[in-house]
Each structure stands twice: as C-alpha cells, then as structure tokens.
Amino acid sequence: MSVMRDELHHLVDRLPEEKVAPLLSLVRGQLDEQPVVRDLPFIGTLEAEPDFAERAEEILNSEDNHSL
C-alpha cells in the first residue's frame, strides 16, 4: 500500500462517526463503479401471547418433531 493510502486509512479511522457518511459519498462519487447492493437478511416481528418467549424452546422442539 502506498504511503498516501496508508495515511488516508489512518485519517479516516480517526474521523468522528457523523463525518463518515459525507466522506463516503464523496469517495464513491470518484469511482466509475455501480453502487454495491447489499442483500441484507430478513428481520421480522410478530405479535403473540405474553408467554410466547417463555415457550419458545417448547415450540421449537415440537416443530422439530414434524416430518417434512
């Protein structure tokens, strides 16, 4: 790695978090590449009875016993 790249890495690591996003946009604008689309995992929520969390192990075990 060149000295300038090494210095850039060091300076970026020292930036406060709120200054990272604008700098990231600036650097991405200098590249001729398409933006990377990240395939994030699905995270969902559900509504259930209050004891649902307490019974989670029991429910999962009963699901394991069902054949596919």
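The pLDDT is the predictor's confidence in each residue, given on a scale from 0 to 100. In this predicted model, the protein chain reaches an average pLDDT of 81, and 88% of the residues score at least 70. Among the elements of the chain, helix H1, which covers residues 3-14, has the highest mean pLDDT, at 94, whereas H3 has the lowest, at 76.

The secondary structure of the protein chain consists of three helices and zero strands, and the order of these elements along the sequence is accordingly written as α-α-α. Of the 68 residues in the protein chain, 0% are buried. The accessible surface of the chain amounts to about 7400 Å², and carbon and sulfur atoms account for 56% of that surface.

On the surface, a patch of negative charge is formed by Glu-49, Asp-51, Glu-54 and Glu-58. One of these residues, Glu-49, lies in the loop between helix H2 (20-29) and helix H3 (56-64). Glu-49 counts as partly exposed because its relative accessibility is 48%, a value that falls between the limit of under 20% for buried residues and that of over 50% for exposed ones.

Terms used:
Residues numbered from 1 in each chain as written. Predicted model: local features only at pLDDT ≥ 70, side-chain atom pairs only at ≥ 80, totals over all residues. Heavy atoms only, no water. Helix = DSSP H or I, 4+ residues; strand = E, 2+ residues; numbered from the N terminus. Buried < 20%, exposed > 50% of the residue type's maximum accessible area, 1.4 Å probe, protein only. Areas by Shrake-Rupley, 256 points an atom, 1.4 Å probe, with all protein chains shown as cover. Patch = residues over 30% accessible without salt bridge, like charges linked within 9 Å, V, L, I, M, F, W, Y side chains within 5 Å. Salt bridge = Lys/Arg side-chain N within 4 Å of Asp/Glu carboxyl O. Lys, Arg positive; Asp, Glu negative; His and termini not counted. Charge placed at Lys NZ, Arg CZ, Asp CG, Glu CD.
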